[in-house]
Amino acid sequence: MFALVDCNNFYASCERLFRPDLRNKPIAVLSNNDGCAIARSEEAKALGIPMGAPAFKIRHLKAHGLITMSCNFPLYADLSNRVMQTLKDESPDVSVYSIDEAFINLKKTKDPLNFALSIKKIVERNTGISISIGIGPTKTLSKAANRYAKKIKIKQTMSMLLIRTVHIF
Amino acid sequence: MNMTIINLGQITAGFPSPAADHEHNRLDLLQKLVKKPASTFVFEVQGVSMIQAGIMPGAWLVVDRSITPRNGHTVVAVVNSEFTVKRFGYQDGHPALFSANKKYAPILFKEFDELEIWGVATYCINPLV
């Protein structure tokens, strides 16, 4: 079994960690030179901002409370390292897949669901970045489970339906 | 064929340093102050609300998020969407944040109030010069 750990709205979560005033507000992080939205908080997604939307197309949403901000990659890299290190402290078999994703091999884990719940708790407490975890028999299916976990947005779902996967939001 | 090369240290053709076998690493402050680098952050303190606890304006506060806050811990908390450093404790059975300055009243958290403790302060580094 594999778990895919994915940070929720990673760049937006990083910005929020040190800006408590941005909690529960629609925020969009813009790409280099403030070109396009590359991260959106849940509230910004609810305003209908698609991934990669050009800044000029979402400018009018500022009237609805949207806050746009320039990206700060040194910050994201630092917090990414913290998340990955925390995962590596909990599991010997972590492969970092991108700045905000990592696969964990659960071959030797007796209870994958409880393990996933516990690393979710530890990562969120130690780093302040919220994560979603998908579990599946292959890396591909764990990624699919992760996507499902994010979509349904409930605290914990166990589903052995179609692809025998477990999702943790 | 595999060959292992072992480094046994430097060899001196002249008189060897008598201190060579007694060298230590220099004191590494970061290692002393930061037990868990992945969950440790540094804040710079503004204001005087913790002055009687020895936390001066301009101090650096080493904050570890992995520690569970307990009664008496100095914590970084979020109050009214702003960071603040206070001592965490209880008053009349309610969780509370206490200043270390008589001018500031404790902040009490009653039912349905939300108290977010961001992290527990482990060290305070005050500038003296």
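Buried means under 20% relative accessible area, exposed over 50%, and partly exposed in between, with a 1.4 Å probe and protein chains only. This is a predicted model, in which local features need pLDDT of at least 70, side-chain atom pairs count only at pLDDT 80 or more, and totals for chains, interfaces and linings use all residues. Side-chain values use heavy atoms, without hydrogens and water; residues are numbered from 1 along each chain as its sequence is written.

View 1. Helices (H or I, at least four residues) and strands (E, at least two) are DSSP runs, numbered from the N terminus. α4(A) has 18 residues. Its first and last C-alpha atoms are 26 Å apart, close to the 26 Å expected at 1.5 Å a residue. The expected span is 1.5 Å times one less than the number of residues. Buried in α4(A) are Leu75(A), Tyr76(A), Leu79(A), Ser80(A), Arg82(A), Val83(A), Met84(A), Thr86(A) and Leu87(A). An α-helix has 3.6 residues a turn, so residues three or four places apart point the same way.

**View 2. Helix α1 packs against helix α4 in chain A.** Two packed helices are described by the angle between their axes and the distance between the axes. Here α1 (residues 10–17) meets α4 (residues 73–90) at about 95°, with the axes 10 Å apart. That makes α1(A) roughly perpendicular to α4(A). Axes are lines fitted to C-alpha atoms, for helices over the stretch in contact, and angles run from 0 to 180 degrees between N-to-C directions. Angles under 35 degrees count as roughly parallel, over 145 as roughly antiparallel, 65 to 115 as roughly perpendicular and the rest as oblique. From α1(A), the contact (heavy atoms within 4.5 Å) uses Phe10(A), Tyr11(A), Cys14(A), Glu15(A) and Leu17(A). From α4(A) come Phe73(A), Leu75(A), Tyr76(A), Leu79(A) and Ser80(A). The residues of this contact divide into eight nonpolar, one polar and one charged. Ala, Val, Leu, Ile, Met, Phe, Trp, Tyr, Cys and Pro count as nonpolar, Asp, Glu, Lys and Arg as charged, and the others, Gly among them, as polar.

**View 3. Cys14(A) within a covered helix.** α1(A) is mostly covered, with eight of its eight residues buried. Among them are Ala12(A), Ser13(A) and Arg16(A). Cys14(A) is buried, at a relative accessible area of 0%. Its sulfur lies 7.4 Å from the closest cysteine sulfur, in Cys7(A), too far for a bond. The whole structure has zero disulfides over all chains; a disulfide is a pair of cysteine sulfur atoms within 2.5 Å. In chain B, Cys124(B) is partly exposed, at 30% relative accessible area.

**View 4. Two asparagines with positive phi.** Most residues other than glycine have a negative phi, and most peptide bonds are trans. Asn9(A) has a positive phi of about 45°. Its loop runs between β1 (2–7) and α1 of chain A. Asn9(A) is buried, with a relative accessible area of 17%. Asn24(A) has a positive phi near 60°. It sits in the loop between α1 and β2 (27–30) of chain A. Asn24(A) is exposed, at 65%.

**View 5. Helix α5 of chain A and the glycine after it.** The 16 residues of α5 (residues 112–127) should span 22 Å at 1.5 Å a residue, and the end C-alpha atoms are 22 Å apart, which agrees. Its buried residues include Leu113(A), Phe115(A), Ile119(A), Ile122(A) and Val123(A). Gly128(A) follows α5(A), with a positive phi near 80°.

**View 6. Ser70(A) in strand β4.** Ser70(A) belongs to strand β4 (residues 67–70) of chain A. It is partly exposed, with a relative accessible area of 42%. Leaving aside neighbours within four places in sequence, Ser70(A) contacts Glu15(A), Val29(A), Leu30(A), Asp34(A) and Tyr76(A). Cys36(A) is 34 residues away along the chain, with 9.9 Å between the C-alpha atoms of Ser70(A) and Cys36(A).

**View 7. Two exposed loop residues of chain B.** Lys35(B) lies in the loop between α1 (29–33) and β1 (40–44) of chain B. Lys35(B) is exposed, at 59% relative accessible area. Its C-alpha is 8.5 Å from that of Asp64(B), 29 residues apart in sequence. Ala105(B) lies in the loop between β5 (94–98) and β6 (107–108) of chain B. Ala105(B) is exposed, at 58%.

Technical notes. Chains are lettered from A and ligands numbered from 1 in the order in which they are written.
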